[in-house]
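Q: Could we go through this fold together? I would like to begin with the order of its elements and then move on to details.

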Amino acid sequence: MEINLFGDLFKDKLGNYYVAVDRFQNNLTLVNAVHFFASNFIIDEEYCKEHENEIVSCFPVEELQNHIERVTMQDSDASNKLPLKLYLLESLLEEFEVVVDPFYERDTSE
């Protein structure tokens, strides 16, 4: 199975989405997708002013919704250069040893 790290989405039976952040041989590390998108966004003073009295989780949830749309729309757009996929989490368990990392932190050294 070809997995695109930081791109493909994995959905469990409860409707939660995950992103793969690491793969080594048959080991695959997943992170909750909302947590993943939240870690890719820095809240600064300007953002706080613009979004005063709003729920902070709105941004990562919107990013996830946009990513789900991009992934699912690719099926109808064969010209897309990055073939991202949506998998059922259960299908991964047949091929990979899956670990869900609840404490994911983006590597900022790059």
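A: From the N terminus on, the protein chain runs β-β-β-α-α-α-β-α-β. That comes to 4 helices and 5 strands; helices (H or I, at least four residues) and strands (E, at least two) are DSSP runs, numbered from the N terminus.

Q: What should I know about the model and its numbering?

A: This is a predicted model, in which local features need pLDDT of at least 70 and side-chain atom pairs count only at pLDDT 80 or more, while totals for chains, interfaces and linings use all residues. Residues are numbered from 1 along each chain as its sequence is written, and side-chain values use heavy atoms, with hydrogens and water left out.

Q: In what order do the strands lie in the sheet?

A: The 5 strands form an open sheet in the order β4-β1-β2-β3-β5, with mixed pairing. Two strands pair if DSSP finds at least two bridges between them.

Q: Which strands stand at the edges?

A: Those are β4 (86-88) and β5 (97-100); each has a single partner strand, so one side of each is left without a neighbour in the sheet. On average, neighbouring strands of this sheet are turned by 40° against each other, direction ignored. For angles, axes are lines fitted to C-alpha atoms, for helices over the stretch in contact, and values run from 0 to 180 degrees between N-to-C directions.

Q: Which helix packs on the sheet?

A: Helix α3 (residues 58-73) does, touching β1 (9-11), β2 and β4. The direction of α3 makes about 100° with that of β1. Contact here means heavy atoms within 4.5 Å.

Q: How do β2 and β3 pair?

A: Strand β2 (residues 17-24) and strand β3 (residues 27-32) are antiparallel, with 6 bridges. Arg 23 stands opposite Leu 28, and Asp 22 is opposite Thr 29. Their hairpin has 2 residues between the strands, and Gln 25 takes a positive phi near 55° there.

Q: Is Gln 25 buried or exposed?

A: Gln 25 counts as exposed, at 59% relative accessibility. The classes are buried under 20% relative accessible area, exposed over 50%, and partly exposed in between (1.4 Å probe, protein chains only).

Q: And what joins β1 to β2?

A: These two strands run antiparallel and are joined by 3 bridges. Leu 9 stands opposite Val 19 in β2. The hairpin of β1 and β2 has 5 residues between the strands, and Gly 15 in the turn has a positive phi of about 95°.

Q: Where is Phe 6, and what is its phi?

A: Phe 6 lies in the segment before β1. Its phi is near 65°, a positive value in a residue other than glycine. Phe 6 is partly exposed, with a relative accessible area of 45%.

Q: What does Tyr 17 touch?

A: Leaving aside residues up to four places away in sequence, the partners of Tyr 17 include Leu 9, Phe 10, Val 31, Ala 33, Leu 64, Ile 68 and Leu 86.

Q: What about Val 34 in α1?

A: Val 34 is in helix α1 and counts as partly exposed, at 28% relative accessibility. Beyond residues up to four places away in sequence, Val 34 touches Pro 60, Val 61 and Leu 64. The C-alpha atoms of Val 34 and Val 61 are separated by 5.9 Å, although these residues are 27 residues apart along the chain.

Q: Last topic: how many salt bridges are there?

A: A search of the whole structure finds 1 salt bridge, defined as a side-chain nitrogen of Lys or Arg within 4 Å of a carboxyl oxygen of Asp or Glu. The side chains of Glu 45 and Lys 49 form it (3.7 Å, N to O). Being 4 residues apart in helix α2 (residues 45-50), Glu 45 and Lys 49 are separated by about one helical turn. Both Glu 45 and Lys 49 are exposed.
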